[in-house]
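Student: I would like to learn how to read a model like this one, feature by feature. Where do we start?

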Amino acid sequence: MSLYRSNDLNQAPIDIDSFSLIDGTSYLVTNNKPILLHFWATWCPTCKTEAGNIETISKYFEVITIATKSGNNNDIQKYLHSRNLTFKVVNDEDGSIAEKFNISIFPTTIIYDKNGEIFYSDVGYTTTFGLWLRMWFAK
């Protein structure tokens, strides 16, 4: 089912050069490195379960998470703090970024290889080990 749902995602190469993070900093997308984009929401039960996996992966690989329709920056920062999460977050308050990628189900994870092409995408829960392997092979 997850593979079927992944077919609806935007399959184009990543065309975003930078992201504005909720802490006020900018994140520049690095060329020649794989990057994991993780779409999630504070109101999503599966996202809460998977957050620790994303946290672990973010310590070793390039990871940007996009909190969709989850309130303002302060709301999201409180949510992260209450769960000891430190990964990089973009606030997609109106859902426009998720719409650009054709995201309609949360969580959704897209891994781009070092050339900016989609290497892997998944809708739903993914294990830390599964994410780790996919990021390693995306190199």
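Tutor: We go through the sheet, the helices, the core, the rings and the backbone in turn. Keep in mind that this is a predicted model.

Student: What is the strand order of the open sheet, and what kind of pairing does it have?

Tutor: The open sheet has five strands in the order 5-4-3-6-7. The pairing is mixed.

Student: How many bridges join strand 6 to strand 7, and in which direction do the two run?

Tutor: Five bridges join them, and the two strands run antiparallel. Strand 6 covers residues 108–112. Strands 6 and 7 form a hairpin with five residues between them. In its turn, glycine 116 has a positive phi of about 85°.

Student: What joins strand 6 to strand 3?

Tutor: Five bridges again, and this pair also runs antiparallel. Leucine 36 is opposite isoleucine 111 of strand 6.

Student: Is strand 6 enclosed or open to the outside?

Tutor: Check burial residue by residue. Five of the five residues of strand 6 are buried, so the strand is largely enclosed by the rest of the structure. Then check the side-chain directions. Thr108, Ile110 and Tyr112 point one way, Thr109 and Ile111 the other, and all are buried.

Student: Which strands does helix 3 touch?

Tutor: Helix 3 (residues 73–82) packs on the sheet against strand 3 (35–40), strand 4 (62–68) and strand 5. Its direction makes about 135° with that of strand 5.

Student: Where does helix 5 lie?

Tutor: Helix 5 (residues 128–138) lies across strand 3, strand 4, strand 6 and strand 7. It runs at about 25° to strand 6.

Student: Which residues of the largest nonpolar core touch the most other members?

Tutor: The core has 42 residues, and the answer is Phe19, Leu37, Phe39, Trp40, Ile64, Leu80 and Phe101. Next, ask which elements supply the core. Strand 3, helix 2, strand 4, helix 3, strand 5, helix 4, strand 6 and helix 5 each give two or more residues. Strand 3 makes the largest contribution, five residues.

Student: What does phenylalanine 19 touch?

Tutor: Leave out residues up to four places away in sequence. Its contacts are then Thr25, Ser26, Tyr27, Val29, Leu37, Ile64 and Val90.

Student: How do I describe a pair of aromatic rings?

Tutor: Use the distance of the centres and the angle of the planes. This model has seven aromatic pairs. One of them joins tryptophan 43 to phenylalanine 106, with 5.6 Å between centres and 80° between planes. That pair is edge-to-face.

Student: Why does the pair of tryptophan 43 and phenylalanine 106 tie together parts that are apart in sequence?

Tutor: Tryptophan 43 lies in the loop between strand 3 and helix 2 (45–58), and phenylalanine 106 in the loop between helix 4 (96–100) and strand 6, so the pair ties together parts 63 residues apart in sequence. Phenylalanine 106 is buried, at 16% relative accessible area.

Student: What about the rings of tryptophan 136 and phenylalanine 137?

Tutor: Their centres are 5.1 Å apart and their planes at 75°, so this pair is edge-to-face. Tryptophan 136 is partly exposed at 48% relative accessibility. Phenylalanine 137 is exposed at 52%. Ring pairs also link Trp40, Tyr79 and Phe87 into a cluster.

Student: What should I look for in the backbone?

Tutor: Most residues other than glycine have a negative phi, and most peptide bonds are trans. Look for the exceptions. The bond from phenylalanine 106 to proline 107 is cis, with omega near -5°. Proline 107 is in the loop between helix 4 and strand 6.

Student: Where does lysine 69 lie, and what is its phi?

Tutor: Lysine 69 has a positive phi near 45°. It lies in the loop between strand 4 and helix 3, and is exposed at 51% relative accessibility. Asparagine 102 also has a positive phi, about 60°. Asparagine 102 sits in the loop between helix 4 and strand 6 and is partly exposed at 41%.

Methods:
Residues numbered from 1 in each chain as written. Predicted model: local features only at pLDDT ≥ 70, side-chain atom pairs only at ≥ 80, totals over all residues. Heavy atoms only, no water. Pairing = 2+ DSSP bridges. Helix = DSSP H or I, 4+ residues; strand = E, 2+ residues; numbered from the N terminus. Contact = heavy atoms within 4.5 Å. Axes fitted to C-alpha atoms, helices over the stretch in contact; angles between N-to-C directions. Phe/Tyr/Trp six-rings, centres within 6.5 Å; stacked < 30°, edge-to-face > 60°. Buried < 20%, exposed > 50% of the residue type's maximum accessible area, 1.4 Å probe, protein only. Core = buried A, V, L, I, M, F, W, Y, C linked by side-chain atoms within 4.5 Å.
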